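Here's a quick briefing to read alongside the sequence and the 3D view.

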Amino acid sequence: MFFLKLLFRNAFRHKLRTTLTVVGVAIAILAFGLLRTLVGLWYLGVERSSATRLVTRNAISLVFTLPISYKDRILQIRGVKSISYGNWFGGIYADEKHFFANYAVEPRSYLELYPEFVLPPDQKAAFLRDRKGCIVGAKLAELHKWKLGDIITLKGTIFPGQWEFVLRAIYKGADKSTEERALMFHWDYLNETMKKTVPRRADQVGFYMIGVTNKDLAPEVAVEIDRTFKNSLAETMTETERAFQLGFISMTEAILIAIQIVSYVVIVIIMVVAANTMAMTARERISEYATFKTIGFGKWHIGGIVFGESLVIAMTGGIIGALLTFPAARWFEVELSQYFPVFSVSPFTIYLDLLAAMGIGVVAAVFPTWRSATIRIVEGLRRIG
Amino acid sequence: MGIPYSYSIRNLLTRKLTTVLTALGMALVVFVFAATLMLSEGLRKTLVDTGSYDNVVVIRKAANSEVQSGVERLKASIIETQPEVAIGENGEPLLAKELVVLINLPKRGSSKPANVVIRGIGAGSLLLRPQVRLVEGRMPKPGSAEVIAGGSIAKRFQGGGIGETVRFGMRDWTVVGIFDAGNTGFSSEIWGDVDQLMQAFRRPVYSSVIFRLRDSTEFEGFKTRIEGDPRLSLEAKREKIFYAEQSEGMAKFLNILGMTLTVIFSLGAVIGAMITMYAAVANRVTEIGTLRALGFQKGSILATFVLESLFLGFIGGCIGIFFASFMQLITISTMNWQTFAELAFSFTLTPDITGKSLAFSLIMGFAGGLLPAVRASRMSIVEALRAT
Amino acid sequence: MEVPRQPIVEIKNLNKTYRRGSQVISVLNDITFDIEEGEFLALMGPSGSGKTTLLNLIAGIDKPDSGSVRVGEVEITSLSETELARWRASHVGFIFQFYNLIPVLTAFENVELPLLLTGLSRRERREHVETALYAVNLSDRMDHYPSQLSGGQQQRVAIARAVVADPTILVADEPTGDLDRVSAREILDLMERLVHELGKTIIMVTHDPRAAEKAHMVRNLDKGVLNNVLS
């Protein structure tokens, strides 16, 4: 269409200026997309968590444990289908830079509660048999080049000493959001060791994971569990896994909010730059717009020309920025894997990218469009170039 | 002879909208730059002030924080008898055995809980920490369910104010005093008698032992000896360094994030400045030709355009710093993911940061204006005059 | 011998003032006159006399403070902005001193512009454009951009653009003001041919005496008042 032809030719009339603006928009959209992905990462834990699993821990804080004896009492509560337990181990592999999650769990019941961890049956059996065995997520194994049978040594922080485990199984996530970067080993191994070294710390669990028979019963079951142990030596706090994760996130909320604000500030900055470009461009072409009007084109036509040009520039930059997000995310995933185990860009982020680009185009065009469309022909003709 | 700089300033004033927009873009970037530096500075101040260089913290080996650590009574007593421990005015060792745990407390205004540090202190604790002063109320009576709260806790957590109660360990504890710990991490803590708390939490071991060095140079000797004893399996660090390490991860993360963002933003602002300056040059082609014909050197042309761009940067910088200074009113509180404890710190503006931000804005202005200025200075006089 | 016909442009009691700060300046003062169809009229006068203003009012790109302008049955002073735009598209062809061609469009596309406002098909538009460019002798430069054409050639493209939609009147504001002597003569010859061969009505503002010579009738405008000088 003639109109589009005019738009594109006008947009690239001033090659340097347009290129600079497009680059600016591309950078801004890229930053925007990456920041949103970063924020999304935080919530990854929430996505993975389920509303049918409950977490029971000591009501004072995560720092305190619960007695193992609670297990049987919890099982008796109506609505509880299955129960598992474990302790956050917090061991260090090699050095603190290679941080990954590791915990001791009751293996059989835990794997049952987490069907999203998929292991080949023979490996699973090997793991269950070997008390010093451990299972490791596929991505983690790949990162450290571990193979079945390798001995992995962790330096204990909460539970002191050097702990050796034999890699018996490698698990994969059932879907993309399941993380594959954790290490889990037998709770019994931890407990037996504690009995020998620091007996008073034995027979204590950090958390219970509870599976309910019916999702709708979850809140009731949670309340019932806490009621059971109220006024005992170790009071409990039970909530759905999702609520638990959200609780964690809310503790670092300030940073999250700051990052989100910053991602919008990026867009605002580039809006200002683009608005400047459009204002300059429109001002230089006033006499042309007046000519169009003289020929008989109306203010909607003129408005469309200005508006359209702004959108063309903004969308070009936006598409480039959105496309660049993928290789950039890859880089984050590889180089900064310690901080960002998963850095995958969601389709939603891309839509937001394009929407932001459109927003930039619109906002940048508002004032120049209005000015150009309403220019009085006589005045416009007076301005030469 | 150079072109007077009033020429540059006036040119900026003629094209008001463009000048305003470009300066605004730069102001935003400077704002983020300054805010990032202020945040780092605020965090750093909190860390640095927390802990004295001459104090030593002894924790269990390989424990990453006091919360993870456990020091048995016997071991703590052994430390007490070490020669490096300073003796206080009352003849007693300047030493405190402390218990540190985390509890979940709900914040004021929202029911969102956060992890708060509860520190069981001994008689020597306050002496060891001169930055901490009781400003309201009194110290807890021995044997009673009383605690004192740091200023930040009193302000932001339910039950943290004087006269209010906090519940943990199946008892209600009354806040009988508020202490001011300045910018240090102690402001986000609740302190109580260590024996009471050990009972309440049924913890038979201490978390850490703190003492003042008799002679600051003796630290290395002490450290080597204690850490070399396999029966003890303890670690010793200077208190200041100990706390600094606790927030290293966070500080680094914030720094990297902040700087990356600033770099990206500054690219955007420099592009904006470039666009403006290229247009300025293009519009004044005839003028440039005239000035050259009159006898001004290429260097003067270059200088005048660069100057114009620097002015733009300067204006943007001033606006940005102005608004950034208001960030000092904001306090950030977040969980330190190394210790899992709540950490509160604020934005701090220093003259150094102001200087750096202004320099940054000038650099942006320079970067944006250089290429267009070069183009202006390289124009052939004849072509410039011919253009209408 | 003249056959009495309805004048194609009728102007009655036209008044126009401009504000400059707090001052109100009267530019046109109670102008009344007619223009016959097929006339080649030159409007002359010192600068500031209001001749361009009068031209703009006739072409419908400005509105008077009072009075009426009637062009070929249409009372244009009573039309709204939108209606005026539509009217201009098919009734007025404007020729500017500085050509005012759109730099990013080729000669062909520039001439095609007014036709985009009509309902003609692509093929029909092409025919009209080619005819117009042929009439101004620029068929071989259809695909050139304005920057690739000389001043005289650009003005010819502008004239082609002005006639392509077969407008009722042609209006020209200092059409030779920016041209050298040879090109100026070419343009004036072209305009004369438009009048004699195609029966167009041209109203031209100029202070070039050679241009005035080509016209049939010259009117003088001085301080907003019209005189008559027959050429």
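Predicted model: local features only at pLDDT ≥ 70, side-chain atom pairs only at ≥ 80, totals over all residues.

The notes below start with that chain and then turn to its partners.

**Chain A: shape and make-up**
- Along the principal axes, the C-alpha atoms of chain A fill a box of roughly 95 × 45 × 30 Å.
- Two domains are assigned in chain A: domain 1 takes in 2-44 + 253-382, and domain 2 runs over 60-234.
- The C-alpha centres of domain 1 and domain 2 of chain A sit 49 Å apart.
- If you're tracing the fold, expect 15 helices and 12 strands in chain A.
- Buried residues account for 44% of the 385 residues in chain A.
- Take the contacts in chain A between residues at least 6 apart in sequence, and 81% of them join residues at least 24 apart.

**Who touches whom**
- Of the 2 pairs of chains that touch, chains A and B have the most contacts.
- Chains B and C don't touch, and their nearest C-alpha atoms are 12 Å apart.

**The A–B interface**
- Here 38 residues of chain A are in contact with 46 residues of chain B.
- On the chain A side, the elements giving two or more residues are α2 (15-42), β7 (151-156), α10 (241-251) and α11 (253-284).
- The top contributor on that side is α11(A), with 15 residues.
- By class, the side of chain A that touches chain B splits into 25 nonpolar, 10 polar and 3 charged residues.

**The A–C interface**
- Chain C puts 17 residues in contact with 17 residues of chain A.
- Helix α2 (residues 81-91) of chain C gives the most to the side of chain C that touches chain A, namely 5 residues.
- That side of chain C has 11 nonpolar, 3 polar and 3 charged residues.

- As background, nonpolar side chains tend to be buried together in soluble globular proteins.
- The largest nonpolar core in this model has 242 residues, and A:I269 and B:V29 have the most contacts inside it.
- Helix α2 (residues 16-49) of chain B supplies the largest share of this core, with 18 residues.
- Apart from that core lies another of 49 residues, including A:L113, A:F165, A:W187 and A:V212.

**Positive phi in chain B**
- B:A62 has a positive phi, near 75°, and is placed in the loop between β1 (55-60) and α3 (73-80) of chain B.
- Why does B:A62 count as partly exposed? Because B:A62 has 19 C-beta neighbours inside 10 Å, and a residue needs 20 or more to be buried.
- B:S233 also has a positive phi, near 35°, and is found in the loop between α7 (219-228) and β10 (234-238) of chain B.
- B:S233 is partly exposed because 16 other C-beta atoms lie within 10 Å.

Note on methods
Residues numbered from 1 in each chain as written. Chains lettered and ligands numbered in written order. Contact = placed C-beta atoms within 7 Å. Helix = DSSP H or I, 4+ residues; strand = E, 2+ residues; numbered from the N terminus. Nonpolar A, V, L, I, M, F, W, Y, C, P; charged D, E, K, R; others polar. Buried ≥ 20, exposed ≤ 12 C-beta atoms within 10 Å, placed from the backbone. Domains from an automatic or database assignment. Core = buried A, V, L, I, M, F, W, Y, C linked by C-beta atoms within 7 Å.
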